[in-house]
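Look at the sequence and the model first, then read on.

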Amino acid sequence: MEAVIEVHDLVKEYTIAKKGSGLRGALKGLLFPEKKTVRGVDGISFSIAPGEIVGYIGPNGAGKSTTIKMLTGILHPTSGSIKVCGISPQADRKSVVRKLGVVFGQRTQLYWDLRLGESFELLRRIYQVDKTSFEENMSILSDVLKLEEFIHTPVRQLSLGQRMRGDIAAAMLHSPSVLFLDEPTIGLDADAKHAIRHFIKEINRKRGVTVILTTHDLDDVEQLCTRLVVVNHGKVVEDGPMASLIRKLAPHRLLVVELQQPFDDLEHPAAEIIKQDGLKVWYQFEKSRISAAQLISELSQKLPIQDLSVKEPDIEDAIREVYKMT
Amino acid sequence: MVTTIRHYFSVAACFARLAVQRQLEYPLFLFSWLLMIPIQYFSGIWMLKIIVDRFQPLNGWDFPELAFLYGLGLLSHGMLVVFFINTWQIDNMVIQGTFDRLLLRPMSVFFQLVASYVNFIGLIDCIPGLIIFLYGCQLVGFEWTLGNIIKLLLVLIGGVLIRASLFISLGTIAFWTKRNASMVGFTLSMLERGTMYPLGIYPYVLQVIFTFIIPIGFISFYPAAEFLGKGSESFQLPLNFALATPAVGLACFMLSQWIFRRGMRSYESAGS
Amino acid sequence: MLQAYWYITKMRLLTNLAYRFEVFASVGTNLILMLASVFLWKAAYGGDTGQVQALTLQDLTSYTILSIMLASVFVCDVQDTIYYKIREGQIVTDFYRPIPLLACYLADDIGSMLSSMINKVIPLFVFAALLFGVPWPASPLGFLLFIPSCLLSYAILWLLSALVGLIAFWVMELGNMGMVKDSIVRVLSGSIVPLWFFPESIQTISKFLPFQYTYQTPLGIYIGNIGVREALTAMGIQLIWVVFLYLLLAAGWRRSKSKTLIQGG
């Protein structure tokens with residue numbers, strides 16, 4: 001299938017003013033400002049197929065937002081090429097943005113002092129959505145996002161979760177085929193997060209909307225994304241399906257064993273004891289060397305086991321690994 | 001083409017309606033403006049009167065003529081404040097990321113920038129302008145013929161365009177520096193001083209600048225001079241002001257559009 | 001204790017010096033105001049070398065240049081600071097800080113004053129001197145009196161600003177009343193047109209208002225229009241205003257504070 005988003009060798013450079021310290025530095029900066037060039041995005045390439053939900057993650061300052069801004073046509077790249085739905089957002093911004101929905105978690109596009117519905121009415125006119133499709137669209141959005149509870153409330157009186165639901169609805173009014181979400185669950189409570197994740201899954205499943213998501217919330221990633229693109233220092237450090245990425249990045253699993261009584265010979269040749277606390281013992285093992293079942297059966301032959309559990313590696317560990325690598 | 005125009009009109013109308021609603025959310029806030037604006041402008045014309053009374057007409061302009069000039073300049077200022085106030089805060093929009101949002105919508109960015117805030121509070125600026133202008137008209141015996149009224153409207157539109165072009169061009173600086181609030185203050189002072197006194201009081205260099213480089217002389221001075229039948233001592237301009245002011249306005253506006261597009265191209269948005 | 005204030009002052013000074021572009025624009029703005037006013041006076045005298053109200057064109061040129069320089073030094077951001085702190089609801093937490101708030105705001109403004117001296121007044125002075133000649137004071141004694149009079153002027157302006165800032169504690173919704181005050185000060189302080197040219201009745205009323213003691217008094221001393229004896233009297237009146245406004249502010253501040261803390265903002 002043809003890619004929805006095609007990015008090739010994307011580079012974005014910035015010039016920043018270097019500031020000296022102290023009174024002397026301030027005076028110097030006043031007369032002879034120094035500048036230096038920084039690469040925010042340094043040769044990124046990837047392509048995204050229709051219907052994917054991609055987590056675009058990395059630490060602060062890794063170049064996530066900058067990439068999103070280039071994909072959506074806000075920023076122009078220093079070099080490299082971008083195609084969104086086959087069009088370059090730099091060459092034809094208006095055509096591209098018609099197909100995009102963009103939500104910035106920390107900045108609302110809703111009018112603060114007005115009722116939520118007023119902002120929708122404005123967007124309806126901007127995107128030239130006719131009345132019938134608008135109403136149809138609204139009722140679908142309302143169903144999942146429960147908008148009718150607060151559509152007549154001024155935005156400033158909405159809770160953060162309601163506001164975010166409003167913002168997502170605003171981004172979806174013109175039925176875009178690609179949805180960009182920048183930190184969509186930041187600062188929300190568990191209920192609101194759940195509602196938003198549910199909505200993302202729904203529109204992806206029902207309408208085949210491609211979703212690109214940046215987040216620091218690893219539950220978002222675990223529950224939503226089929227694929228991860230991990231960036232650090234402006235470069236893609238990992239790109240692949242969630243599961244294989246975790247396998248690759250965090251091959252270790254943990255077996256936690258609780259003994260009935262103290263026992264001396266706890267060692268096993270294929271696993272490493274990383275922690276021991278009273279009767280509880282933590283074994284770390286590699287899936288490729290020994291399976292969980294085999295390890296359990298071998299240990300249970302010699303140890304008086306009361307209880308045990310196997311822990312899957314979590315995405316947080318995996319990502320932490322990546323950050324350490326670079 | 002027609003559908004595009006209709007689209008833009010419908011959006012502009014919606015923007016305007018929302019702007020009124022937003023401003024009416026805080027009606028008391030108008031109070032401080034309602035006090036300040038008249039104080040500022042009425043005291044301005046009053047101080048001119050004091051100077052003329054104590055000394056002599058300024059460069060041959062007596063008080064009635066000065067009031068006419070001052071009022072004419074103030075009217076186009078008021079209209080600018082109503083229709084183009086968003087050009088004053090491009091820096092804020094850049095820093096807070098609202099400018100990014102304009103780029104994410106399938107419409108002209110400049111149109112959205114200007115149309116998204118019709119500042120009805122700016123009508124407060126128009127009131128002293130109108131009062132002083134009508135007072136000046138009364139004093140100089142302005143003839144309200146149809147021809148004069150059409151000329152006057154053309155001059156006002158041209159004047160607003162010249163002012164707007166200046167703020168657009170300077171606001172564009174925010175794309176590079178992220179700050180231009182102080183530029184706005186600078187331009188406001190320049191426009192105020194350049195349009196409310198006769199240009200003839202300034203040295204020749206400044207007159208040249210205000211005629212050919214930053215043509216704010218066309219906002220009020222040249223039109224007023226011709227309405228009042230005063231020969232401008234400095235330049236004998238071949239064009240009739242009623243054509244000159246809107247023509248200069250249009251030219252400036254087109255130039256400012258070009259500058260704005262240049263600025264947008266080099267715009268890097270806030271944060272990275 | 002004083003060290004804490006000096007730290008605030010120094011930080012403000014450093015921050016302001018970092019904004020190069022703002023400084024150019026501010027100098028430009030003041031330069032325009034200066035040029036416009038000086039040329040206005042030139043046109044008013046119309047090549048006449050005589051005196052009007054005992055003032056020559058040279059006197060008024062110096063008066064205008066100095067007035068613009070003072071206006072860029074006399075930083076009273078306190079009114080905006082209080083207004084925004086209240087609007088953002090920050091003022092309550094600030095009240096719990098260990099050092100007095102108003103003194104912090106003053107330290108902040110003094111920092112801005114010092115930076116303005118360096119990056120605004122010096123360039124303005126150079127431009128003015130190049131364009132219109134150095135605006136010398138009328139006499140060395142006049143200059144010596146000018147300095148303390150300026151300090152008193154600043155005290156009056158700053159206290160007025162802080163008092164206007166207090167209005168926000170009571171009627172937040174009215175917007176920033178500081179703007180209104182500024183537009184009144186601009187006219188009645190004589191900063192643009194000296195009050196000596198105003199109608200007699202206005203001059204009489206103005207003697208009982210604090211405004212003319214903010215700009216006209218030090219500037220009049222500088223250009224020698226106010227003699228030594230009158231200068232000392234005027235400075236006495238300045239001092240009375242400072243004391244009066246200070247007491248007013250202290251009382252108003254105490255009431256605003258208790259009101260805010262009881263209501264919890």
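Which strands does helix α9 (residues 242-249) of chain A lie across? Helix α9(A) lies across β8 and β9 of chain A, and runs at about 120° to β9(A).

This is a predicted model. The predictor gives the complex an ipTM of 0.86 and a pTM of 0.84.

**The six-stranded sheet of chain A**

Strands β8 and β9 belong to an open sheet of six strands in chain A. The order is β5-β6-β7-β3-β8-β9, and the pairing is mixed. β5(A) and β9(A) (235-241) stand at the edges. Each has a single partner strand, so one side of each is left without a neighbour in the sheet. From one strand to the next, the twist averages 15°.

One pair in this sheet is parallel: strand β3 (residues 53-57) of chain A and strand β8 (residues 227-232) of chain A, over four bridges. Within that pair, Y56(A) has V229(A) in β8(A) as its bridge partner. Strands of a sheet pair through backbone hydrogen bonds, either parallel or antiparallel.

**The four-stranded sheet of chain A**

Chain A also holds an open sheet of four strands, in the order β11-β12-β10-β13. Here the pairing is antiparallel. β11(A) (271-277) and β13(A) (305-311) are the edge strands. Each pairs with a single strand, so one side of each has no neighbour in the sheet. Neighbouring strands are turned by 20° against each other on average, direction ignored.

Take the pairs in turn. Six bridges join β11(A) to β12(A) (residues 280-286). There, D277(A) has K280(A) of β12(A) as its bridge partner. Seven bridges link β10(A) and β12(A). L254(A) stands opposite Q284(A) in β12(A). β10(A) and β13(A) pair over six bridges. L259(A) faces its opposite residue, I305(A), in β13(A).

Which helix lies across this sheet? Helix α10 (residues 292-302) of chain A lies across β10 (252-259), β11, β12 and β13 of chain A. Its direction is about 160° to β13(A).

**Annotated spans in chains B and C**

Chains B and C both carry the UniProt annotation "transmembrane region", in each case from an unreviewed entry. In chain B the annotation covers residues 26-48, 68-88, 109-136, 148-176, 197-221 and 241-260.

| Span | Helix | Strand | Distance between end C-alpha atoms |
|---|---|---|---|
| Residues 26-48 of chain B | 83% helix | 0% strand | 35 Å |
| Residues 148-176 of chain B | 93% helix | 0% strand | 43 Å |
| Residues 21-40 of chain C | 100% helix | 0% strand | 29 Å |
| Residues 121-138 of chain C | 67% helix | 0% strand | 20 Å |

**Where the chains meet**

How many residues of chain B are in contact with chain C? In chain B there are 37 such residues, and they touch 39 residues of chain C. The two chains bury about 3500 Å² between them. Of that area, 76% is on carbon and sulfur atoms. R54(B), F55(B) and R179(B) supply 20% of the area that chain B buries against chain C, more than any other three residues. The count of salt bridges between chain B and chain C is zero.

Over all chains, the count comes to 22 salt bridges. One of them joins D100(B) and R107(A), with the closest N and O atoms 3.6 Å apart. This pair crosses between chains. D100(B) sits in helix α5 (residues 98-103) of chain B. R107(A) lies in the loop between β5 (100-104) and α4 (116-126) of chain A. Side chains of opposite charge can pair when their charged atoms come close.

**Confidence in chains B and C**

Chain B averages a pLDDT of 88, and 93% of the residues score at least 70. Among its elements, helix α9(B) (residues 174-177) has the lowest mean pLDDT, 77. Helix α3(B) (residues 63-83) has the highest, 95.

The mean pLDDT of chain C is 88, and 95% of its residues reach 70 or more. Confidence in chain C is lowest in helix α1(C) (residues 2-18), at a mean of 77. Confidence is highest in helix α10(C) (residues 216-223), at 95.

Definitions and conventions: Residues are numbered from 1 along each chain as its sequence is written. Chains are lettered from A and ligands numbered from 1 in the order in which they are written. This is a predicted model: local features need pLDDT of at least 70, side-chain atom pairs count only at pLDDT 80 or more; totals for chains, interfaces and linings use all residues. Side-chain values use heavy atoms; hydrogens and water are left out. Two strands pair if DSSP finds at least two bridges between them. Helices (H or I, at least four residues) and strands (E, at least two) are DSSP runs, numbered from the N terminus. Axes are lines fitted to C-alpha atoms, for helices over the stretch in contact, and angles run from 0 to 180 degrees between N-to-C directions. Contact means heavy atoms within 4.5 Å. UniProt positions are given in the numbering used here, feature names are shortened, and annotations may be inferred rather than shown by experiment. pLDDT is the predictor's confidence in each residue, from 0 to 100. Buried area is the accessible area (1.4 Å probe) that two parts lose on being put together, summed over both. A salt bridge is a side-chain nitrogen of Lys or Arg within 4 Å of a carboxyl oxygen of Asp or Glu.
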